[in-house]
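Look through the sequence and the model, then read on.

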Amino acid sequence: MNDRDKQLREAAYKEVEKHKATVEEDPFRLGYHLMPPVGLLNDPNGFIQFNGVYHLFYQWNPFSTGHGAKFWGHYTSEDLVHWEHHEIALAPSDWFDKNGCYSGSAIEHDGKMYLFYTGNVKDENNQRESYQVLVESRDGYTFEKKGVVVELPDDYTAHFRDPKVWKHGEYYYMVVGAQSKELTGKVALLRSIDLYEWEHLGAIAGADMGSLEDFGYMWECPDLFELDGEDVFIFSPQGIEADGILYNNIYQAGYFIGKMDYENVRYNHGEFIEMDRGFEFYAPQTTLDDKGRRILFGWLGIPEEREEDHPTIEHKWIHAMTLPRELRVRDGKLLQLPVDELKKLRRDEVSYPDVVLNETEQAFVGIEGERLEFELELEKQPSGPITIELRNHASIIYSPENKRFTLSRISFVDGKTIEERHCQLEELRNFRVFLDSSTIEIFINDGEEVFTARIYPDIEEKSITFKSGQAASVQLRGWMLY
C-alpha cells in the first residue's frame, strides 16, 4: 500500500464519520438492502463465494453523491441476508487507476481470490485511457494490486472496461465491454492459461455481427455463463432508442440466450430481452455458489438518469443494491427469483386464503407499512383490471384486456408527474412484492418478469389497498420484514 493509497483511505473514512449522523437520519434509508455508508454506490463488482463466504464489492464514491474516482467498497455475508461492511478493498491510488477503480469481477484459483478491474485514467488533455488490472488476495479481506495485465487492443476506443473472468476447459476467459472504433457496442473475448498473460481473441458479439444490426454505442458490464444447458450473456447496452413500452430508461440491462463457440470465437444468440421492466436496474453481475445456484445482484439505479434529483442526496448518500436473485432458464427465458434465504427476514405472517377483490378498495391487516413482503395468487385469470395502491405513491396494475402489467409512481423529480413502466403479460398467475423504505421489487409469475424501482412516498403513509374491476378470487399472504 503506497502513501497515496493510505491518504485516500483515510480521507474516505473521515467522510463516513463526518456524515454518519446525517446519513442515518434519512427516513428513506433502507432496512434490508445494501447501501453505501456515505456518498454514491453503483455497479456490483467481484461477486464471489470464497471459502464459504459471499463477497460483494461495489463501486463507491465516498466524497460525493455524483460520479468520480471510484473505490471498491466491500460487503460479506454467510447467508445472503445478514451483511458485514469491511474496510475499503481498492482505492484509485496508482498510475493505472488514478481516476477510478472501475468495475470488474472475481475468481478463485489455487485457494486465492483474484480480482480483475478496469483502471480508469484521464491524461493531461482529459483523454481517457483504460487498463485491465489484476489483484490477488489470500484471505478475501486484504488485497495486493499486481498491476496491468491487459492493455487496450487496437480494435477499440478507450471505452473498454468491466472484465468478467471464468474458466472453461484448460483456459481462463475474460469478456470486456467495449466500443469499436466505429463507435458501436461490442464484447471482446480474451484468453489466458495463468490469469497473468492474456491473448485478445476478438469480438464475439456486437453491432453488425450475426443477425444483430446497430445496437447502441457501448456495451457495459458483460457476464457470460452456462445455465440449464444454455449460454446466457448479460450486459448493459447504451444508446438504444425507446420502442413503445421497451427500452424506456436512458440505459438498459438485458440478456441474450445462445451458444458460445469457443473454437470459432463467436457467440451465437437470439433476441435481446430486458431483464427488468422497472425504473432503476443496471449493471447486474452473477456468481455460481456452492449449492450450484447462479445468483445475481444488480445496481438499483441507472447512470445519468436524473440522479441529482433523488431526495436521499440531502442526507449525503444515493443508490443501493437489489435483492440477491437466483437465475434459471425455462422455455428460452431467463427467470429471476428472490433467493430462498430471504425468508429469514419474515415475521408476523398473515394469510387471507379466500379473498374476493371487487371495485371497492380493500385493505388487509398485516399487509401495510414500509418494510414488508406480500404475495398474491390468482385462482383464475381476472376479467377486469387488478390494481394495488402502495402508500398513496405507486400503483401495480394488471389489465387482462391489454395483457399488460404496469408499475406507476409519482416522479421524485417534481413530486407530481405520474411515470409508468410496462411489460406485456399473456396471463397473470402470481406475483411477489418486496417493499423497503424507498424501494420496490416485483417478481411476476415465478420470476418471468421483474420490476425494480426507487419510490419516495410520504413517511407517514403506510396503506396498501387492493381492488379489481370485476370480481376476482385471490389468495394473499404477507410478512413484515426485519
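Residues 341-470 are 0% helix and 52% strand, and the end C-alpha atoms of this stretch are 36 Å apart. Helices (H or I, at least four residues) and strands (E, at least two) are DSSP runs, numbered from the N terminus. This is a predicted model: local features need pLDDT of at least 70, side-chain atom pairs count only at pLDDT 80 or more, and totals for chains, interfaces and linings use all residues. Residues are numbered from 1 along each chain as its sequence is written, and side-chain values use heavy atoms, with hydrogens and water left out.

**Annotated domains**
- UniProt, in an unreviewed entry, gives residues 341-470 as "domain: Glycosyl hydrolase family 32 C-terminal".
- UniProt positions follow the numbering used here, feature names are shortened, and annotations may be inferred rather than shown by experiment.
- Residues 33-338 are 0% helix and 56% strand, with end C-alpha atoms 13 Å apart.

**Sheet β5-β6-β7-β8**
- Four strands form an open sheet in the order β5-β6-β7-β8, with antiparallel pairing. Two strands pair if DSSP finds at least two bridges between them.
- β5 and β8 (144-150) are at the edges with a single partner strand each, so one side of each has no neighbour in the sheet.
- From one strand to the next, the twist averages 30 degrees. Axes are lines fitted to C-alpha atoms, for helices over the stretch in contact, and angles run from 0 to 180 degrees between N-to-C directions.
- Seven bridges join β5 and β6 in the antiparallel sense. G104 has Y117 in β6 as its bridge partner.

**Sheet β4-β3-β2-β1-β20**
- This open sheet has five strands, and its pairing is mixed.
- β4 (83-85) and β20 (317-318) stand at the edges; each has a single partner strand, so one side of each is left without a neighbour in the sheet.
- β1 and β20 pair in the parallel sense over two bridges. L40 has I318 in β20 as its bridge partner.

**Largest pocket**
- The largest pocket has a volume of about 500 Å³. A pocket is an open set of points on a 1 Å grid over the protein atoms alone, where a 1.4 Å probe fits, with protein on both sides within 12 Å along at least five of seven lines; lining residues have an atom within 4 Å of a point. Its volume is the space filled by probe spheres set on the points, which are joined across faces, edges and corners.
- The lining has 26 residues; H67, Y102, R161, E220 and P303 lie nearest the centre.
- β1 (39-50), β5 (101-109), β6 (112-122), β9 (156-168) and β13 (218-227) each supply at least two lining residues. The largest share, three residues, comes from β9.
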